[in-house]
Amino acid sequence: MAQIALKIDVDTLRGTREGVPALARLLERANARATFLFSLGPDHTGWALRRALRPGFLKKVSRTSVLEHYGLKTLLYGVLLPGPDIGRRAAAEMRAVRDAGFECGIHTWDHVRWQDNVRQRERDWTLAQMQKSYARFIEIFGSAPATHGAAGWQMNESAFAQIDAWQMAYASDGRGHSPYRPTLGGQPLAHVQLPTTLPTFDEKLGVNGASAAEVVRQLLALTEPEQAGQDTAQVFTLHAELEGQKLAPAFAELLAGWRAQGHSLVALADYYATLKLDRLPLHPVSWGEVPGRSGELIVQP
């Protein structure tokens, strides 16, 4: 039975309070495991409007109905409204999903600040942001996080090195096709990267007029055993603000389709436990474009 690891990025206060509990209920009904990755500091979603001049950004905003999915109040955080502290105001929701048996990890401290800056930032800035999220995670959960998944699939070399410093065995910080160990300056790091392998809902939604139902069909076509290979594992990234709210019915249909195809729906920890670590390839930290997203992301060469 091939595995599909479900990685849930939680970007906003609304996503944490509303999308996370809804997804937990949906996943429990589907007998599915998953990894929730939390933004733990201020919600400055409104700052993302500064990306308006980035090639492809406005096209993505228009076809994915950002206002409809995120809500006006969230889009004003950091612009006309102060950015609320997610970790302070939604700690109960975070602990509840942990108590329900789901794996929890770090997404970021400040989602927009990290996504828009980390590639160009120096080591001290990077480690300060990461240490804030690490300390807040321990404050909320009472234990160290097992994994990390970068906001916007954006990292730098210092960030990858810090994953090792935290002694995390695995993380999911980029896009690619299979597990690997990243290298810095030709030297392998200790942790394993489990890259997102499948397109995300928002990368497909609205492309050539594709509806949510059509996106479900496209994703299921990619995971047909005859298409992907009977034992090929996948990593699928979803968002609490999308699949946990307006797109929840479509995500439920996707889960049912994966079950019908015979897939096991697991957390990143479950996927990592199946790997033959001595056979993993080494790849340098690399950047590239992904269809449906603006700008460059961390990619597997």
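Residues 24 or more positions apart account for 74% of the contacts in the chain with a separation of 6 or more, where contact means heavy atoms within 4.5 Å. The model is predicted, so local features need pLDDT of at least 70 and side-chain atom pairs pLDDT 80 or more, while totals for chains, interfaces and linings use all residues. Residues are numbered from 1 along each chain as its sequence is written, and side-chain values use heavy atoms, without hydrogens and water.

Of the 301 residues, 58% count as buried, meaning under 20% relative accessible area with a 1.4 Å probe, protein chains only. The chain has 14 helices and 12 strands; these are DSSP runs of at least four residues (H or I) for helices and at least two (E) for strands, numbered from the N terminus.

Now look at helix H11, residues 212-222. Its buried residues are Val215, Val216, Leu219 and Leu220. Why are they on the same side of H11? Because they cover an arc of only 135 degrees around the axis, taken from the directions from the helix axis to the C-beta atoms. These elements are among what covers them:

| Element | Residues |
|---|---|
| Helix H10 | 201-204 |
| Strand S8 | 234-239 |
| Helix H13 | 248-260 |

What lines the largest cavity? Its lining includes Ile106, Trp109, Gln129 and His148. Strand S3 (103-108) and helix H8 (123-141) each supply at least two lining residues. A cavity is a set of points on a 1 Å grid over the protein atoms alone where a 1.4 Å probe fits but cannot get out, and lining residues have an atom within 4 Å of a point.

Terms used: Buried < 20%, exposed > 50% of the residue type's maximum accessible area, 1.4 Å probe, protein only. 1 Å grid on protein atoms, 1.4 Å probe; cavity = no way out; pocket = protein on both sides within 12 Å on 5 of 7 lines; lining within 4 Å.
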